[in-house]
Amino acid sequence: MKNILFVASESVPFIKTGGLADVVGSLPKNFNKEEFDVRVMIPKYQTIPEEYRNRMYYKTHFYINLAWRSQYVGIFELQHEGVTFYFIDNEYYFGGWTPYGEIKWDLEKFAFFCKASLSALPSLDFRPDIIHCHDWQTGLLPVYLKDVFMQNPYYHGIKTIMTIHNLKFQGIYDMKTVKDFTGLSAYYFAPDKLEAYGDANYLKGGIVYADYVTTVSETYAQEIKTPFYGETLDGLIRARSNCLTGIVNGIDYEEYNPKTDKYIYQNYDARTYRKEKYKNKLALQNELGMAQNKDVFMLGIVSRLTDQKGLDLVDCVIEEICATDTQFVVLGTGTPKYENLFRHFEWKYKDRVSANIYYNNERSHKIYAACDAFLMPSLFEPCGLSQLMSLRYGTLPIVRETGGLKDTVVPYNEFESTGTGFSFCNYNAHEMLNTIRYAKHIYYDRRREWNKMVDRAMAADFSWKNSAVKYEALYRRL
Ligand code: GLC
């Protein structure tokens with residue numbers, strides 16, 4: 001039996017700001033239980049819903065030092081859907097309304113979280129063989145492990161994996177300040193360790209010190225070796241490329257299942273979608289106050305509204321996207337300029353544009369079920385989960401060929417009758433627009449071809465099964 005501990009800053013169903021939480025919360029359920037005991041450790045944020053907080057039980061507490069500070073660490077435990085979750089409690093750090101806020105405070109918070117997580121291990125009845133760290137918030141964990149913790153034989157032989165969900169976010173601040181929160185000695189603040197371009201960089205620490213590095217798709221693992229996608233760490237990524245692999249994410253096939261989904265108006269599956277799926281469109285049109293029409297091409301976006309998602313391409317040709325033969329539904333929050341762009345077009349074309357500038361899980365399911373196509377023109381996309389959800393609901397993705405989008409969406413080939421969606425290569429608004437128009441042409445003029453593509457999309461398998469097997473192989477190898 002191998003023991004694996006995931007350490008991360010978020011996990012569904014407790015706390016979520018992005019796809020990281022979906023991965024951390026759903027992947028652990030999918031390992032072979034005979035061979036792997038996979039558990040998860042996250043902060044005990046004040047904003048975790050009461051229903052979960054009430055089910056947690058207190059295990060123990062102690063104090064740790066972070067440089068000159070002495071800080072309380074409480075440990076709570078909860079079983080959820082067969083997985084053990086541990087929560088690190090400290091109201092000073094985790095009492096805020098959101099998991100992240102001001103960067104300097106976040107850096108101190110997650111230095112604490114890394115050190116507290118390692119310190120907690122001897123008081124659990126679970127000694128991990130491998131600690132699997134996710135994103136910059138846990139970058140210091142492999143560093144601390146090789147530092148003070150090595151004085152204690154309990155920690156000898158524990159391996160670490162660093163998974164990069166998004167290289168854009170690294171946790172960077174000036175070295176003097178970071179030295180002060182972390183208590184790490186000057187030795188670590190050198191260019192072959194934590195230092196990058198004159199500052200201290202948490203994710204760099206994780207990439208340097210982890211035994212193995214993974215990212216969330218094969219294409220992204222290649223892309224980050226280049227300056228365009230490398231976010232200034234491409235040199236380091238190339239240097240570590242013998243210990244780097246890409247494993248594409250999956251999604252929870254129980255939660256995202258059009259046949260049993262409680263949130264959608266009309267359930268359907270690969271056999272019945274021709275007769276049933278459109279009822280979701282009519283009901284959503286009604287709910288959002290759009291024109292009622294089962295035949296109109298409905299295009300959806302569910303996303304954080306940030307530059308990463310390629311929304312400046314949408315901005316450039318939005319007038320053309322919102323043509324009279326199209327309905328456009330958006331859900332998400334982010335940069336005000338994009339929020340206002342969509343609000344403006346809803347105001348301008350009330351009958352065919354709906355801007356839902358908030359996040360709501362239930363409504364996201366309704367959109368996946370109702371739309372005909374789903375737009376994801378990302379500038380970069382380590383994996384992307386929404387296109388997988390769309391495929392599952394028979395809603396054809398229109399994507400840019402980058403990262404996980406390239407690895408999971410097979411572009412339509414009208415000559416061979418293959419493909420599960422539509423894609424374009426260059427980061428160019430008119431290339432995107434032409435692809436949307438091509439998709440509309442297939443939808444309106446060659447409906448049988450469209451439906452065959454929906455068949456293939458719904459038959460594609462992006463449950464966690466295949467990816468979990470790859471992580472298992474990696475765990476065995478370490
Ligand atoms: C980040 C990435 C996204 C990926 C997710 C989970 O949110 O931006 O592409 O799917 O992490 O790995």
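Guide: Let us start with Asn3, which has its place in strand β1, and let us keep in mind throughout that this is a predicted model.

Visitor: Is Asn3 buried or exposed?

Guide: The cut-off for buried is a relative accessible area under 20%. Asn3 has a relative accessible area of 17%, so Asn3 counts as buried. Leaving aside neighbours within four places in sequence, Asn3 is in contact with Asp37, Phe126, Arg127, Pro128, Asp129 and Ile130. For a sense of distance along and across the chain, Asn3 and Met298 are 295 residues apart in sequence, and their C-alpha atoms are 46 Å apart in space.

Visitor: How should I read the sheet, and what is the order of its strands?

Guide: As a general idea, the strands of a sheet pair through backbone hydrogen bonds, and this pairing is either parallel or antiparallel. In this structure there is an open sheet of nine strands with mixed pairing, and the order runs β3-β4-β5-β2-β1-β6-β7-β11-β12. Its edge strands are β3 (57-66) and β12 (244-246), each of which pairs on one side only. Neighbouring strands of this sheet are turned against each other by 25° on average, with direction ignored.

Visitor: Within that sheet, which residues stand opposite Thr163 of β7?

Guide: On one side, β6 and β7 pair in the parallel sense over five bridges, and His134 stands opposite Thr163. With β11 (residues 212-215), strand β7 (residues 159-164) also pairs in the parallel sense, over four bridges, and there the bridge partner of Thr163 is Thr214. Five of the six residues of β7 are buried, so this strand is largely enclosed by the rest of the structure.

Visitor: Which helix lies across β3, and at what angle does it run to that strand?

Guide: That is helix α4 (residues 103-120), which lies across β1, β2, β3, β4, β5 and β6 and runs at about 115° to β3.

Visitor: How do I read the packing of two helices, for instance α12 and α13?

Guide: One takes the approach of the axes and the crossing angle together, and then looks at the residues in between. The axes of α12 (residues 311-321) and α13 (residues 336-348) come within 11 Å and cross at roughly 25°. Angles under 35 degrees count as roughly parallel, and α12 is therefore roughly parallel to α13. In passing α13, helix α12 makes a left-handed crossing. The contact is made by Leu311, Asp312, Val314, Asp315, Ile318 and Glu319 of α12 together with Tyr338, Leu341, Phe342, Phe345 and Lys348 of α13. By class, these residues divide into seven nonpolar, no polar and four charged.

Visitor: And what are the crossing angle and the residue classes for α11 and α14?

Guide: Here the axes of α11 (residues 273-288) and α14 (residues 361-370) come within 8 Å and cross at roughly 130°, and the two helices are therefore oblique to each other. This crossing, too, is left-handed. From α11, Lys277, Asn280, Lys281, Leu284, Glu287 and Leu288 meet Arg363, Lys366, Ile367, Tyr368, Ala369 and Ala370 of α14, a contact with six nonpolar, one polar and five charged residues.

Visitor: To finish with a residue in a loop, where is Ser378 found, and with which residues is it in contact?

Guide: Ser378 is found in the loop between β16 (373-376) and α15 (386-392), and Ser378 counts as buried because its relative accessibility is 0%. Beyond its neighbours within four places in sequence, Ser378 is in contact with Gln308, Lys309, Gly310, Arg400, Thr402, Leu405 and Tyr427.

Methods. Residues numbered from 1 in each chain as written. Predicted model: local features only at pLDDT ≥ 70, side-chain atom pairs only at ≥ 80, totals over all residues. Heavy atoms only, no water. Buried < 20%, exposed > 50% of the residue type's maximum accessible area, 1.4 Å probe, protein only. Contact = heavy atoms within 4.5 Å. Axes fitted to C-alpha atoms, helices over the stretch in contact; angles between N-to-C directions. Parallel < 35°, antiparallel > 145°, perpendicular 65-115°, else oblique. Left-handed = near helix turned anticlockwise from the far one by under 90°. Nonpolar A, V, L, I, M, F, W, Y, C, P; charged D, E, K, R; others polar. Pairing = 2+ DSSP bridges.
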